Every structure is written in C-alpha cells, then in structure tokens.
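Hi,

Here is the model I promised to pass on.

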Amino acid sequence: MIEWKEEEPDIKVLPWDKFPFDKLKIKTEQFYQYIKDYNYIFFKKEAWENMWNHGKSSYNEVGGLFIGYVYQYNNDFIWYIESIVYNNDLIHSTTHLILFPSLWQKANSLILDNNGNPEKFIIGWYHTHPNFTPFFSITDQNTHKHFFNFDYSLGLVFDPFSERFTIYKGKEMELYKDKIKIIDLF
Ligand SMILES: [Zn+2]
C-alpha cells in the first residue's frame with residue numbers, strides 16, 4: 001500500500017524518430033531483435049540493481065520513481081528506465097508507505113538540462129511489498145490513477161525477498177505481460 005502527497009509528474013512520450021540511435025551501445029539490429037522478441041521495457045543495469053537493493057535494504061515498504069524515456073513505437077511504447085530516484089523523506093511500515101513532494105522535487109532536479117528543459121522524464125514508479133504478494137492494492141490503484149494516469153505510465157511492485165514482481169502499464173493498469181530486458185542501451 002502506498003500513498004503519495006501532492007505533485008504530479010510532467011512526462012511526455014517521444015516520437016520514434018527521436019530515438020537516439022547514434023548513442024545506442026548495442027547494434028541496431030540487435031535492438032530491433034529484442035523488440036521483435038517482445039521486450040518493450042528496457043532497464044539500465046544500474047537502475048534495475050539499485051531498485052532491488054533499495055527494496056532489500058528494508059523490511060518496511062519502500063518506493064521511488066523511474067526516470068528515463070518512453071517512445072511511441074507503432075501502436076506500442078518502448079520504455080528505457082535509466083535511473084531510479086528515492087529519498088528518506090517517507091513514513092513507512094511493513095504494509096504502508098507515504099512519500100512526500102520532496103521526492104518529486106529531487107526527481108525534477110535530475111531530469112532538467114542546464115536550461116531548465118526536461119531531457120528525461122518520470123515514467124513511472126515502484127514500491128515493495130516485503131514478504132507479500134506483489135500486486136496493486138486498492139490504495140496503489142488509486143495512487144496510480146491519480147499520479148500516473150498516462151497511457152505509458154509504469155507501476156512496478158515487487159517483493160524483494162521472494163524476488164517476484166508485477167508491472168502494470170497505463171492509466172487502466174493493464175498487466176504488463178511482455179518481457180523486460182536488463183541492458184545498457186545508452
Ligand atoms: Zn502496495
């Protein structure tokens with residue numbers, strides 16, 4: 001269960017022709033092969049590991065935001081989660097978590113370029129259900145609907161101890177059943 005206080009993310013989907021193929025660390029054909037194989041969510045290794053380490057650091061619920069990019073790809077989206085952000089401004093227990101606006105402010109400071117324009121975006125959120133089934137509770141659903149109500153918003157919930165996780169996408173919180181790829185794209 002998670003509650004958020006105030007602040008809404010400012011995110012935008014990018015057209016596919018804005019994808020930075022010049023920065024891609026893997027071969028373009030390999031990248032397209034991953035997409036063909038139903039990998040639509042890409043996690044930078046460090047972001048994935050940091051998220052799990054954050055979860056494992058506490059027997060209480062913890063959570064944070066996904067920072068990265070989302071691209072429109074035909075009728076689908078391609079996500080690249082480049083980093084996570086969290087802070088210690090929270091109230092939590094084994095079954096409950098409240099996060100505060102300072103987290104959004106921290107995230108916003110990370111996504112703006114020198115001119116104050118966003119160069120990456122808050123594309124979703126994660127939180128833990130320690131030793132409990134990773135699913136969206138009613139409170140989680142309300143949080144998602146309120147703060148992450150874009151077609152491409154992601155919500156990930158995980159149990160850091162059983163290592164199970166569930167991903168929801170979009171404002172209707174559809175279960176994400178495709179694959180994720182842990183890889184440094186750029
Ligand atoms: Zn929850």
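**What I found**

Let me start with the β9/β10 hairpin: four residues sit between its two strands, and E163 there takes a positive phi near 65 degrees. Helices and strands here are DSSP runs, numbered from the N terminus (helices being H or I, at least four residues; strands E, at least two). Before going further, note that this is a predicted model, so local features need pLDDT of at least 70 and side-chain atom pairs count only at pLDDT 80 or more, while totals for chains, interfaces and linings use all residues. Residues are numbered from 1 along each chain as its sequence is written.

Back to β9 (residues 154–159). Six bridges join it to β10 (residues 164–169), and the two run antiparallel; strands pair if DSSP finds at least two bridges between them. β9 also pairs with β8 (residues 121–128), this time in the parallel sense and over five bridges. Five of the six residues of β9 are buried (buried means 20 or more other C-beta atoms within 10 Å of the residue's own, exposed 12 or fewer, partly exposed in between, with C-beta atoms placed from the backbone).

β8, helix α4 (residues 138–147) and β9 together form a right-handed β-α-β unit. Right-handed means that, with the strands pointing away from the viewer, the path from the first strand over the helix to the second runs clockwise.

Y126 is worth a click. This residue of β8 counts as buried because it has 25 C-beta neighbours inside 10 Å. Leaving aside residues up to four places away in sequence, Y126 touches M51, G63, G64, F66, L156 and F158 (contact: C-beta atoms, placed from the backbone, within 7 Å). Y126 and L175 are 49 residues apart in sequence and 14 Å apart in space, C-alpha to C-alpha.

M51 leads on to helix α2 (residues 45–56), where the buried residues are A47, M51 and G55. Seen down the axis of α2, they fall within an arc of 70 degrees, so they line one face of the helix; the arc is that of the directions from the helix axis to the C-beta atoms. They pack against β3 (39–43), β5 (76–85), β8 and β9. The face turned away from that buried side carries the exposed residues K45 and N53.

Most residues other than glycine have a negative phi. N74, in the loop between β4 (63–73) and β5, has a positive phi of about 50 degrees, and N131, in the loop between β8 and α4, has one of about 55 degrees. N74 counts as exposed because it has 8 C-beta neighbours inside 10 Å, and N131 counts as exposed with 11.

As for the whole chain, there are four helices and twelve strands. Its radius of gyration is 16 Å, close to the 16 Å that the globule rule gives for 186 residues, so it is as compact as a globular protein of that length (radius over C-alpha atoms; the rule is 2.2 Å times the number of residues to the power 0.38). Of the 186 residues, 35% count as buried.

Cheers

How values were computed
Contact = placed C-beta atoms within 7 Å.
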